[in-house]
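Hello,

I am passing this structure on to you, with some notes on what turned up in it. Please have it open while you read.

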Amino acid sequence: MKLSDFDFDLPEALIATRPARPRTAARLLVAEGDRLRDLHVRDLPDLLQPGDRLVLNDTRVIPARLSGLRRRETAQGPVEARIEVTLMEPAPGGCWRAMARPLKKLKPGDRVIFSDRLSARVVAKGDEDAVLDFDQTGAAFDTALAEAGAMPLPPYIAAKRPADAQDAEDYQTVWAARPGAVAAPTASLHFDEPLLAALAARGVGFSHVTLHVGAGTFLPVKTDDVSAHRMHAEWGEVTARAAAEINATRAAGGRIIPVGTTALRLIESAADEAGVLHPWTGETDIFIRPGYRFRIADALMTNFHLPRSTLMMLVSALMGTERIRRIYIHAVNSGYRFFSYGDASLLIPGPQAVRQGSQTGI
């Protein structure tokens, strides 16, 4: 498989910079087998069946984008430089790996001041990122970060407008509970409390898992041979309760439908080859691409993804490359809004199709 196999033409006007309001007003392209239907997220209770189970990622996005001032003493006196930082993931010793612009302005030992209550020392610097040791930890760090930071909007939104106070609400799921993500599980942004209540009344179950989405989700694939690409690892957890709920639903004949690729990747990481989900904690770098045999997921609710991305490869693995190509052509021609604040799709491969193939996607 070549990277070009997952490319498509996307008009820039279809890239959403704000979400639909209310959340459930977003459009929903339902692809079941070869059939396509143009609906809305609010129609989900009519689409799902009693006994189905949605798997929800309960990670909470932290305000990971920071603007600071680097101060350095030189023979000519103090020198300052403005530094923009996006936290990527925790590093050993309580530090954080972070992208920084301009990275060349930093060196180990530098101190960057973000606010009166938050600063960090550069402890290491690589070719693409730096490791920062903050002067606050625990709850004090969380409070200081909330005051100084901004929501880490995806690059394709940040290039069009800065994050603002509305994004603090828009870029967070209504069930967010465990801080640690630097990108939202965006398919989940379409849900609100009334929709959850309607789904529960329909007999749909919910299981919460955690995958802290990292900034690596936005990194491009740089190799034309997709099998040579290596995924960025992300921390996740499937609790004993969630595993038991999901296994019981499967045993009873219900469908397991992750909301978002993050929830899907996590439960597939925690499942054995017999299709049993186990309690699991750790880092996953699972790479799902065509040829992968799904162990747990029967369908997927997800947004529309970037061309030439690993997420395009994932949905192609679920639905088939040619079918996904037709789905995306329909979405573009029908004016669906793309990416994090865009519309959604409900991808249902059809009976048994989801579990065909080999395990080459790991």
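Let me begin with a term you will need: rings of Phe, Tyr and Trp (its six-membered ring) pair if their centres lie within 6.5 Å, and planes under 30 degrees apart count as stacked, over 60 as edge-to-face and the rest as tilted. Ring pairs of this kind join Phe-8, Tyr-156, Phe-304, Tyr-328, Tyr-336, Phe-338 and Phe-339 into a cluster.

A word on the source: this is a predicted model, in which local features need pLDDT of at least 70 and side-chain atom pairs count only at pLDDT 80 or more, while totals for chains, interfaces and linings use all residues. Residues are numbered from 1 along each chain as its sequence is written, and side-chain values use heavy atoms, with hydrogens and water left out.

The chain as a whole

The chain has 9 helices and 17 strands; helices (H or I, at least four residues) and strands (E, at least two) are DSSP runs, numbered from the N terminus. Its radius of gyration, taken over C-alpha atoms, is 21 Å, close to the 21 Å that the globule rule (2.2 Å times the number of residues to the power 0.38) gives for 362 residues, so the chain is as compact as a globular protein of that length. The C-alpha trace spans about 70 × 40 × 40 Å along its principal axes. Of the 362 residues, 54% are buried, where buried means under 20% relative accessible area, exposed over 50% and partly exposed in between (1.4 Å probe, protein chains only). Contact means heavy atoms within 4.5 Å, and among contacts between residues at least 6 apart in sequence, 71% join residues at least 24 apart.

The cores and helix α8

A nonpolar core is a set of buried Ala, Val, Leu, Ile, Met, Phe, Trp, Tyr and Cys residues joined through side-chain atoms within 4.5 Å. The largest one holds 48 residues, and Tyr-171, Tyr-328 and Phe-338 touch the most other members. At least two residues of this core come from each of β1 (27-32), α3, α8 (310-319) and α9 (321-333), with α8 giving the largest share, 7 residues. There is also a second, separate core of 25 residues, which includes Ile-83, Val-85, Val-112 and Phe-114.

Helix α8 deserves a look of its own. How many of its residues are buried? The count is 10 of the 10, so α8 is largely enclosed by the rest of the structure. Its buried residues pack against β1, α7 (261-269), β16 (300-303), α9 and β17 (344-348). After α8 comes Gly-320, with a positive phi near 100 degrees.

Tyr-328 also belongs to the ring cluster. Leaving aside neighbours within four places in sequence, Tyr-328 is in contact with Phe-8, Asn-303, Phe-304, His-305, Met-312, Val-315 and Phe-338.

Another ring pair

By the ring rule there are 14 aromatic pairs. One of them is stacked: Trp-96 and Phe-141, at 6.2 Å centre to centre with 25 degrees between the planes. Trp-96 lies in strand β7 (residues 95-101) and Phe-141 in helix α2 (residues 138-148), so this pair ties together parts that are 45 residues apart in sequence. Both residues, Trp-96 and Phe-141, are buried.

A loop residue

Lastly, find Asp-164 in the loop between α3 (155-158) and α4 (167-170). Asp-164 is partly exposed, with a relative accessible area of 32%. A polar atom of the Asp-164 side chain lies 3.1 Å from the backbone nitrogen of Gln-166.

How values were computed. A polar contact is a pair of N or O atoms within 3.5 Å; within protein, one must be able to donate a hydrogen and the other to accept it, and residues adjacent in sequence count only if both atoms are side-chain atoms.
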